Amino acid sequence: MLTLTCPCCGVTAEETEFAPGGEAHLKRFGPGSSDDDFEGYLFARKNPKGVHFERWRHAYGCGKWFLAARDTNTLEVFATYKAQTSEPPADVIAKIKAKRPDWEGYK
Amino acid sequence: MKRYSIFAVAREALRYHSGWERAWRSPEPKKRYKVIVVGAGGHGLATAYYLGKVHGITDVAVIEKGWLGGGNTGRNTTIIRSNYLQDPSAAIYEKARALYEDLSQDLNYNVMFSPRGLLMLGQTEHEVRGYKRTVHANRLQGIDTEWIGPQQVKDLVPIINIEGPRYPVLGALLQKRGGTARHDAVAWGYARACSAMGMDIIQKCEVTGVRTEGGKVQGISTSKGEIDCEQLAIVVAGHSSVMAEMAGFRLPIESVALQAWVSEPIKPCMDVVVMANTVHGYMSQSDKGEMVIGGGTDGFNNYTQRGSWHHVEETTRALVETFPIISRLKMLRQWGGIVDMTGDRSPILSKTPVEGIFVNCGWGTGGFKAIPGSGFAMAELIARGHSPLTDEFGLDRFKEGRFIDESVAAGVAH
Amino acid sequence: MSTRLSKGGRLIDRAKPLAFTFNGKPMRGFAGDTLASALLGGGQVMVGRSFKYHRPRGIVASGAEEPNALVGLGRNARFEPDQRTTTTELFEGAETTSQNHWPSLEFDIGEINNTFYKFLPAGFYYKTFMAPRAAWKHLFEPVIRKSAGLGGVPKEADPDRYEQVYAHCDVLVVGGGVAGLAAALKEGRAGKRVWLIEQTPNWGGRTPVDGGQIDGHDAQDWIDSALAELSSMENVTMRTRLMAAGLHDHGYVIGYENLADTTPGDGRPRHRLWRIRAGHTITATGAIERPLAFAGNDVPGVMLASAVRDYIVNWAVSPGDRTVIVTNNDDAYRTALAILDAGLTVSAVIDAREETHGALPQAVKARGVRVLEGRGIAKVQGRKHVTGVEICAQAGEGGAVETIACDCVAMSGGWSPVVHLWSHCGGKLTWDDDRAMFRPDAARPPTGADGSAMATVVGAANGDLTLPETMGGLGIGAVSEDEAPLAQVWMMPAGAPDALRFKSFLDYQNDVKVSDVQLAAREGYESVEHTKRYTTLGMATDQGKLSNINGLAVLSNALGQPIPATGTTTFRPPYTPISLGAVTAEAKGELFQPLRRTPMQSWHEAKGAHWEPVGHWRRPYCYPRSGETHRNAVNREISNTRKNVGLLDASTLGKIVVKGPDAGKFLDMLYTNMMSTLPVGKCRYGLMCNENGFLMDDGVVARLSEDTWLCHTTSGGADRIHGWMEDWLQCEWWDWKVYVANLTEQFAQIAVVGPKARDLLERLGGMDVSKETLPFMQWTEGKLGTFDARIFRISFSGELSYEIAVPASQGLALWETLMAEGEALGVMPYGTEALHVMRAEKGFIMIGDETDGTVIPQDLGLNWAISKKKTDYLGKRAQERSHMTDPNRWKLVGLETLDGSVIPDGSHAPAEGFNANGQRKTQGRVTSTYYSPTIGKGIAMGLVLNGPDRMGEEIEFTGESDAMIKVRIVDPVFYDKDGEKQNV
């Protein structure tokens with residue numbers, strides 16, 4: 001049972017207050033995109049055993065979507081941050097690097 | 001391989017069972033095999049078994065990071081059924097169910113397949129329509145299922161409450177030849193039979209890399225050294241993405257935790273398997289007397305084999321609502337496993353972008369029931385390059401939008 | 001013979017005698033007794049039968065680790081199986097029954113298994129019962145199942161209630177022994193918010209029994225003053241009878257509190273499940289004594305040494321008149337002293353070690369007790385009760401050197417820290433070979449949300465077994481007798497032959513013996529998990545608390561490897577079993593799930609509506625009149641609506657307002673058709689697809705103003721679609737200026753449907769609802785009578801229809817007004833089934849019937865609702881994929897049987913031949929099928945291969961039984977094809 005802190009309203013709450021939403025920083029491919037790109041967008045999810053970036057919604061709170069950097073193997077939450085970004089912020093990257101020196105970085 | 005029988009047990013009893021031989025050998029890996037199967041769970045071992053039994057390929061190694069049968073094969077709730085809606089699913093699950101019927105005799109290892117009957121409760125009008133649709137589909141697929149009314153449900157399961165105030169039981173989809181089996185025994189029986197055919201089952205051997213050359217597989221690197229092969233089957237539910245990454249491709253899979261738990265054992269009181277998908281829980285009683293309970297998965301990626309507690313509460317509530325007498329039973333043990341979830345919640349049995357590498361993954365929450373069929377089909381795919389049972393389960397379906405979606409039958413796949 | 005001593009017993013109150021029964025026999029105990037101490041005190045040594053061999057079994061332990069002494073407790077609806085007597089408090093009137101025997105505890109037919117024990121080793125069932133094939137299902141399994149199981153089956157619904165609560169603290173201390181008290185004191189003095197919980201009713205743990213001095217005081221005095229200080233701290237909360245069942249991720253502890261087990265039926269919650277969020281958890285959970293494996297170590301009267309002294313000191317119960325103590329360590333000598341202090345007899349101490357010099361052995365010897373060194377027990381004599389022990393050289397093969405008569409054997413194989421909580425979330429253990437125990441490895445703790453350790457272990461749970469070690473670890477001085485090292489003895493004698501090993505039990509409840517573990521090792525079940533599963537070691541209701549380490553040691557010896565190379569099995573929650581009632585708590589019956597109610601719900605209830613669950617709503621399916629079947633009610637409601645006027649409570653429909661400068665652009669992406677061009681005041685039907693191209697929701701959109709749209713969704717879809725909108729706005733198009741709000745519950749909505757609908761509205765007055773002012777697919781707002789109404793001229797039935805939205809608070813009044821005013825017009829309410837039939841008569845699709853998550857709008861002939869002008873909408877790219885554009889996709893058509901009958905739900909149309917897997921090919925299926933009272937026959941819709949091109953063709957569908965039904969492919973619109981009725 002995770003605890004997460006919503007970066008929008010600042011509340012730290014139980015996992016049951018949130019709804020998970022899958023991989024973060026997806027780039028949408030629409031009409032005109034190649035079959036490969038479109039398939040990748042919909043299905044080729046990152047599924048690392050380790051550092052992972054994902055979407056959550058504070059569904060039973062402020063209602064906002066936000067993003068979390070989490071270790072899928074230890075469940076450590078490195079950071080949560082606002083969803084309005086196309087890649088993890090530098091300070092989040094730095095924080096993860098400090099804790100996981102072997103991490104290959106966001107790609 | 002010395003045959004198991006009641007006479008063999010009697011003979012051994014007279015000498016304190018000192019004469020039993022190893023169920024499977026524990027060899028060091030050879031330099032090269034024709035086929036390497038990574039993953040000594042039920043699916044991996046069954047793949048190896050049918051490669052040998054049906055296709056005469058016995059130059060096979062099954063590589064296992066931990067102990068054989070230690071993944072989801074040994075963690076599931078042992079339900080076996082084939083009442084699937086879509087033709088490709090129905091075909092492979094029914095193949096599996098049919099093989100389960102004779103598996104104990106085939107393997108000379110009692111896997112305790114118990115076709116005690118399986119009910120999927122209809123608790124909303126929508127769900128009823130979905131299951132009736134399944135009955136009609138099953139009829140044309142050659143699968144014996146029927147729709148029964150609430151009183152028949154009560155007759156089959158006296159401890160059920162069909163008059164729940166929120167979701168009264170409106171009837172059920174019954175598969176009489178569905179049931180359960182002893183999960184560990186399935187892995188052990190296949191392992192013993194594979195070993196007897198001369199295959200090497202190598203436990204405590206971690207794969208650290210996949211070697212390819214010119215788009216073709218060459219072998220694997222392991223904690224016990226380099227091993228070459230002509231063909232490589234990746235059958236590692238829960239870690240499929242990690243292995244695929246080693247081989248250089250990505251799978252449409254996410255790993256999530258699924259939990260199960262059992263009550264303390266009580267005398268037999270429920271002789272069928274009951275799945276209640278509207279309220280979301282399922283329960284059967286093991287031969288030992290424990291009520292075996294499962295529910296839904298967590299919604300986030302997880303490799304810890306631990307799920308979130310609130311699912312335990314939700315599912316327990318669903319089952320106490322369905323079977324009020326269990327309120328005074330006690331939860332004995334809860335555990336979790338990591339399951340592969342694909343984009344359409346159906347499995348992948350497929351060739352891959354790397355020549356010679358095959359994947360068998362994505363069984364989600366329902367892989368145990370498929371083990372014999374999955375192994376049979378996978379062996380055919382590896383040996384012949386094609387199997388009618390796997391044709392629709394290829395990786396290409398996601399690009400084409402050709403999904404095999406079982407959730408449409410109002411149910412969830414367990 | 002066990003008996004109650006005439007004096008002593010620190011936990012019992014002799015002034016409060018309690019009466020109870022065991023198998024119907026009246027017995028007496030005292031307040032403060034456990035069921036186990038009361039049974040023993042009443043002379044009941046044999047209390048149950050084992051699982052497999054039905055061997056007589058007695059009480060072994062005095063706490064949570066008890067494997068044998070389980071009983072059925074209570075009767076009828078309050079019957080509970082598998083109650084552990086050692087942790088169940090005695091109460092007046094308790095009715096207990098022993099388990100797993102027939103016909104009686106004393107004479108059990110099942111004991112025949114014990115006679116044939118040689119034929120029933122570990123895993124024998126994997127090797128047998130295979131021939132003939134049918135015999136497993138029809139003969140073997142039924143017999144095995146009948147003989148399996150342990151406790152009785154509750155027969156009735158549980159009448160008790162349970163509750164759940166949250167607690168939050170900085171530090172949770174688990175365990176109220178001296179280590180826990182000291183840890184709580186330290187944290188409490190530091191000002192932390194501390195929770196201190198103890199699973200038993202008593203504070204102090206083992207120390208008051210085992211003795212010693214803490215901080216210069218007698219242990220009990222120190223405990224009393226610690227409790228006094230803790231009680232005075234406002235930042236410290238203390239609770240007994242509260243067990244930490246599991247330590248879950250991110251410091252989430254599930255606690256299980258016994259509230260009213262001893263006062264059944266008093267109305268209080270029986271159990272309380274605590275969800276404790278702890279900043280840090282300190283486990284002070286103590287240690288559990290291990291049995292020794294020797295032949296007959298399961299005969300009633302063989303007990304843990306610590307349990308023997310617990311029963312004497314705590315409850316003034318003597319487990320036997322003459323006790324033999326068998327040990328590999330010094331601690332067990334405390335039992336000898338306790339026995340002697342109680343005036344009872346220690347027949348001998350059998351010590352597996354060659355020499356004993358410690359203070360405790362010396363003290364025992366000084367009191368004249370025989371101490372036999374280098375000895376073991378070859379065999380226990382007695383069947384239902386210990387009558388003596390055969391002594392042998394520990395180093396030998398079991399040749400008896402002497403027989404000692406006794407009626408109790410107190411055994412000690414050393415102690416194992418209770419590391420469950422530490423391990424639940426991945427805390428690692430390390431093998432301490434000197435102490436022969438796995439103890440927590442502080443370098444590899446379970447980690448929490450921030451990646452740091454979320455638990456610490458103190459006291460015996462950390463392997464600090466002696467009082468000075470325990471208290472020293474917490475910075476407090478303490479004194480107890482010095483103890484010499486134990487010997488790693490797991491089995492007696494060291495060279496025990498088969499005949500002894502086949503009677504030396506490791507797991508008592510599951511009847512797993514030394515020989516079983518050795519057999520598993522021999523057969524290649526080498527992983528500790530394999531051995532566990534093959535033999536069932538550690539899988540009984542005590543979850544291996546007594547057996548796991550001994551089993552590991554035997555397995556390691558069999559494999560010729562050190563114990564840490566074998567490793568442990570995984571520790572799983574809960575620590576001891578917890579009631580499913582507590583896990584369920586209040587969420588049952590009507591409260592099973594939240595119930596969403598429309599403003600008119602009470603009216604429907606009063607009218608006896610038959611319900612249909614829709615999401616968390618419960619909608620009227622129909623309103624049957626007295627003596628009327630549901631089907632007849634539905635037909636009546638339809639006919640009346642088509643002839644006169646009907647009312648539908650449509651409040652559950654999703655109502656989402658989308659507002660802002662970019663709202664039109666946004667809706668154009670969400671819907672397949674164009675919403676930005678919808679004029680203010682008008683309504684338009686729209687389809688929503690997911691990114692996979694599949695149709696996921698539909699509904700009517702009304703443009704309220706230049707920058708505001710109101711989107712109606714399906715009842716089940718409102719929350720999902722609202723979340724979907726938020727997702728795109730927050731995560732993809734966050735620079736678009738749009739707000740969305742889900743107003744579903746802010747409005748009541750009533751569909752007034754039928755040819756007399758306008759008459760009815762006009763009776764309320766106040767608004768012009770004429771065809772000219774409010775034509776089809778427009779909306780208006782104003783005062784309808786006294787109500788603040790927004791009226792949509794939309795129709796899902798094909799009739800003249802108004803959907804009236806009013807503030808939720810006015811909903812019931814409007815409904816009642818419409819019913820009253822409409823009486824003369826023949827108004828009747830109608831339910832969801834009539835709604836479904838009427839829409840099917842009109843060929844309107846229903847999300848969830850015509851769609852199932854695999855259907856795209858193009859399949860349903862809805863191309864008219866897909867904009868050709870837009871370059872993009874959600875799902876558009878997906879619909880360009882090869883499988884989506886396949887001309888052979890099944891398409892929507894109407895279906896009617898040639899004989900007018902109703903096609904069964906879910907029916908399929910077979911095609912010629914079979915596929916490669918031997919399955920009959922198919923060419924279509926029914927999606928909706930009903931009896932139409934309007935048409936007077938069965939009508940249906942379905943998806944059929946090339947269906948729209950096959951109008952008039954007759955094909956076969958599957959019937960209820962094996963028969964096939966002849967069906968004609970027709971237009972899906974069965975009623976009022978030109979739409980004249982809705983447009984009047």
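**Chains B and C: the reasoning behind the terms**

Modeller: Of the 984 residues of chain C, 58% count as buried. This is a predicted model, where local features need pLDDT of at least 70 and side-chain atom pairs 80 or more, while totals for chains, interfaces and linings use all residues. Residues are numbered from 1 along each chain as its sequence is written, with chains lettered from A in the order in which they are written.

Colleague: What makes a residue of chain C count as buried?

Modeller: A residue is buried if 20 or more other C-beta atoms, placed from the backbone, lie within 10 Å of its own. In chain C, 58% of the residues therefore pass that cut-off.

Colleague: How do you know which residues of chain B are in contact with chain C?

Modeller: Two residues are in contact if their C-beta atoms, placed from the backbone, lie within 7 Å. By that test, 84 residues of chain B are in contact with 92 of chain C. H5(B), a helix (a DSSP run of H or I, at least four residues), gives the most to that side of chain B, with 11 residues.

Colleague: Why are S16(B) and S34(C) called paired?

Modeller: Strands are DSSP runs of E, at least two residues long, and two of them pair if DSSP finds at least two bridges between them. S16(B) and S34(C), residues 578-579, have 2 bridges in the antiparallel sense, so they qualify. B:Lys330 stands opposite C:Ser579 there.

Colleague: And how many helices and strands does chain C have?

Modeller: Chain C has 25 helices and 53 strands.

Notes
Buried ≥ 20, exposed ≤ 12 C-beta atoms within 10 Å, placed from the backbone.
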